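Hello,

Here is the structure I promised to pass on. Please open it alongside this email.

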Amino acid sequence: MRQCRKKRYKKRKFIPFLLFLITCLAIIIVFETRIRPVISQVAVAQAQSVAVSAINEEVNRIIASESIQYGDLANLQMDRNNRISAVTTDIVEINRLKSAFSRSIQDRMWSIDRMTIRIPLGTLLSNSIFTGYGPKIPVRLTSVGRATVEIEDSFLEAGINQTRHEIHLSVTAKMSVLMPGGSAVAEINTAIPIAQSVIVGEVPESVTNVSGVTSEPQDTVLNMLDGPGH
């Protein structure tokens, strides 16, 4: 009789424990298959938006404070027939600006260490029917970012016998976003014009007449056109 009671008691104890394990397993499955992917997508999109906004603000601030003009970075050389023979660039000034942009943007990226996103409960739990509905659940994120900066240029057709020479800042950044249950990486690639001029007439075949000195060979040429067909 006592043994039967013990068995019944153990069975009663085991059933709640089994239900608890099944509930925990179901929560883990829902989190891994539905909730975490949604959080990851929203976190990456938020990180990209915040980073692009921060980069643009820093670039615009430096452009305004430095009063950057096209003539500060590049000059057009004319031949005896008053035709453009070369485009010269001041690499010393370009490298100085590159260093200023790099330092400022990197400092701004490091300052983006914490973010909060709010995701509607329906978006977390439903595939489509309840997306965007329900109370917004706050999710705290921690991020670490780094950026590399290059100053490049391009020649674009601007009209009949006209070419626009644009000098722009190319920024590549990566942000590691830590979130509940894992992490994600947000990649940012953006190009921001910092100076430009419209060249009237034929673009010269040689546009790499560089002035200035730099220690890195790859920095001596500002990715200029190698010929009129580019």
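Below is what was found in it, from the whole protein down to single residues.

Please keep in mind that this is a predicted model.

Overall make-up. The protein has four helices and seven strands. Along the sequence they follow the pattern α-α-β-β-α-β-α-β-β-β-β. Of the 230 residues, 36% are buried. Take the contacts with a separation of 6 or more: 65% of them are between residues 24 or more positions apart.

Four strands build an open sheet, ordered 3-4-5-6, with antiparallel pairing. Strand 3 (114-120) and strand 6 (182-200) are the edge strands, and each pairs on one side only. On average, neighbouring strands are turned by 35° against each other, direction ignored. Strand 3 and strand 4 (residues 136-159) run antiparallel and are joined by seven bridges. For a specific pair, look at Arg 114: its bridge partner in strand 4 is Thr 142.

Helix 3 (residues 91-111) lies across strand 4, strand 5 (162-179) and strand 6. Helix 3 runs at about 165° to strand 4.

The surface patch. Leu 18, Leu 19 and Ile 22 make a nonpolar surface patch of about 270 Å². Leu 18 sits in helix 1 (residues 2-66). Is Leu 18 buried, partly exposed or exposed? Its relative accessibility is 37%, so Leu 18 counts as partly exposed. That class lies between the cut-offs of 20% and 50%.

Best wishes

Technical notes
Residues numbered from 1 in each chain as written. Predicted model: local features only at pLDDT ≥ 70, side-chain atom pairs only at ≥ 80, totals over all residues. Heavy atoms only, no water. Patch = residues over 30% accessible without salt bridge, like charges linked within 9 Å, V, L, I, M, F, W, Y side chains within 5 Å. Areas by Shrake-Rupley, 256 points an atom, 1.4 Å probe, with all protein chains shown as cover. Salt bridge = Lys/Arg side-chain N within 4 Å of Asp/Glu carboxyl O. Helix = DSSP H or I, 4+ residues; strand = E, 2+ residues; numbered from the N terminus. Buried < 20%, exposed > 50% of the residue type's maximum accessible area, 1.4 Å probe, protein only. Pairing = 2+ DSSP bridges. Axes fitted to C-alpha atoms, helices over the stretch in contact; angles between N-to-C directions. Contact = heavy atoms within 4.5 Å.
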